[in-house]
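Trainee: I would like to learn how to read pockets, ring pairs and salt bridges in a model. Could we take them in turn?

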Amino acid sequence: QISWTLLLVLGYLFYLLLGAMVFQLLEKQAETHFRDQFQLEKLNFLQNYTCLDRQALEKFVQVLMEAWEKGVNPEGNSTNPSNWDFSNSFFFAGTVVTTIGYGNLSPSTVSGQIFCVFYALFGVPLNLAFLNQLGKGLNAHLLTLERWVQKPGRAQVQLAIFLSTGTLLFLVFPPLVFSYVEGWSYGEGFYFTFITLSTIGFGDYVVGTNPNKHYIPVYRSLTAIWIVFGLAWLALVFNVGADLMEKFLQLKWQKSDLSLAEGATTKLEDEPEQPRIHIPS
């Protein structure tokens with residue numbers, strides 16, 4: 001048991017190190033390019049508007065950053081819809097209790113921040129209980145499907161139906177909707193879908209935030225409802241995947257130990273029995 005735990009810890013750390021190296025290889029050069037391009041744009045701006053100096057420009061950039069951190073999109077004008085109307089507030093409440101936390105919007109008042117803490121304190125366990133109950137309902141539905149499929153290998157058929165149906169409803173069709181409404185590519189919509197349902201929630205893509213588009217009032221509320229059911233489905237998929245991975249790794253580990261033990265036993269059997277030496281007392 002200790003050996004298996006140690007193997008799992010080492011494998012987990014290795015996976016993190018591998019991810020760090022790959023992300024650094026893929027993203028660092030692009031970040032350097034974008035940083036140099038941004039500095040060049042600031043330099044060109046100062047050259048075109050000689051009445052400004054670098055200090056004034058940096059101050060204006062700081063104002064833009066503060067506005068973005070407060071959830072105010074610098075694009076557009078004051079006629080942009082509020083981030084805290086009921087639909088957007090409902091969407092934000094969903095991102096709190098589901099622990100997605102996009103990071104593009106957060107309470108700016110002290111009272112709002114304190115309420116958010118207590119709201120999450122009771123809302124996160126409530127959300128977990130709800131998702132657990134929803135998962136039980138999905139499991140019961142899967143058992144019903146299993147009774148319908150009276151053929152050899154029905155468990156595999158049941159799992160295939162569960163995975164294919166959920167994949168279509170939560171990972172394949174939603175990016176088409178987001179691509180049409182938000183103007184994203186299908187790849188960007190698929191990326192947003194998975195990052196959201198897995199509760200990673202980077203916040204680089206968020207629905208209903210483009211000030212140049214007109215959204216229906218219930219758009220983000222419907223998205224929040226889709227997120228809740230998608231979370232339950234993907235959580236079951238992750239649980240099944242974790243169980244299968246753990247059983248597979250443990251099986252490989254046990255086979256390795258068993259082969260070593262058999263090899264040692266065979267070696268002992270092949271060796272001729274050594275004469276015993278009796279030492280008189």
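Trainee: What volume does the second largest pocket have?

Mentor: The general idea comes first: rolling a probe the size of a water molecule over the atoms shows where empty space is left. On a 1 Å grid over the protein atoms alone, a pocket is an open set of points with protein on both sides within 12 Å along at least five of seven lines, whereas a cavity is a set of points where a 1.4 Å probe fits but cannot get out, and lining residues have an atom within 4 Å of a point. Grid points are joined across faces, edges and corners, and the volume is the space filled by probe spheres set on the points. In this structure, the second largest pocket has a volume of about 620 Å³. Of the 15 residues that line the second largest pocket, Tyr12, Tyr15, Phe238, Ala242 and Met245 are the closest to its centre.

Trainee: Before we continue, what kind of model is this, and how are its residues numbered?

Mentor: This is a predicted model, in which local features need pLDDT of at least 70 and side-chain atom pairs count only at pLDDT 80 or more, while totals for chains, interfaces and linings use all residues. Residues are numbered from 1 along each chain as its sequence is written, and side-chain values use heavy atoms, with hydrogens and water left out.

Trainee: Which helices supply at least two residues each to the lining of the second largest pocket?

Mentor: Helices here are DSSP runs (H or I, at least four residues), numbered from the N terminus. For the second largest pocket, α1 (2-48), α6 (186-197) and α7 each supply at least two lining residues, and the largest share, 6 residues, comes from α7. By class (Ala, Val, Leu, Ile, Met, Phe, Trp, Tyr, Cys and Pro count as nonpolar, Asp, Glu, Lys and Arg as charged, and the others, Gly among them, as polar), this lining has 11 nonpolar, 3 polar and 1 charged residues.

Trainee: How many residues line the largest pocket, and which lie nearest its centre?

Mentor: The largest pocket holds about 860 Å³ of space and is lined by 34 residues, of which Asn83, Gly208, Thr209, Asn210 and Pro211 lie nearest its centre. Both α3 (86-97) and α7 (219-270) supply at least two residues of that lining, whose classes are 13 nonpolar, 15 polar and 6 charged.

Trainee: How many cavities of 30 Å³ or more does a search of the whole structure find?

Mentor: The search finds 1 cavity of 30 Å³ or more, and about 30 Å³ of space lies in the largest cavity. Its lining consists of Phe91, Gly94, Thr95, Thr98, Ala224, Ile227 and Val228, with α3 and α7 each supplying at least two residues.

Trainee: How many aromatic pairs are counted?

Mentor: Rings of Phe, Tyr and Trp (its six-membered ring) pair if their centres lie within 6.5 Å, and planes under 30 degrees apart count as stacked, over 60 as edge-to-face and the rest as tilted. By this rule the count comes to 15 aromatic pairs. In one of them, Phe178 and Trp226 have ring centres 5.5 Å apart and planes at 70 degrees, so the pair is edge-to-face. This pair links distant parts of the chain, with Phe178 in helix α5 (residues 154-182) and Trp226 in helix α7, 48 residues apart. Ring pairs also link Phe91, Tyr102, Phe178, Trp184, Tyr191, Phe192, Tyr205 and Trp226 into a cluster.

Trainee: Is Phe178 buried or exposed?

Mentor: Buried means under 20% relative accessible area, exposed over 50%, and partly exposed in between (1.4 Å probe, protein chains only). Phe178, at 4% relative accessibility, counts as buried, and Trp226 counts as buried at 14%.

Trainee: How many salt bridges does the search find?

Mentor: Side chains of opposite charge can pair when their charged atoms come close. A salt bridge is a side-chain nitrogen of Lys or Arg within 4 Å of a carboxyl oxygen of Asp or Glu, and a search of the whole structure finds 2 salt bridges. In one, the side chains of Glu58 and Lys42 meet at 2.5 Å, N to O. Glu58 lies in helix α2 (residues 54-69) and Lys42 in helix α1, so the pair ties together parts that are 16 residues apart in sequence. Lys42 is buried, with a relative accessible area of 8%, whereas Glu58 is partly exposed at 31%. Arg35 and Glu31 also meet in a salt bridge (3.1 Å, N to O); being 4 residues apart in helix α1, Arg35 and Glu31 are separated by about one helical turn.
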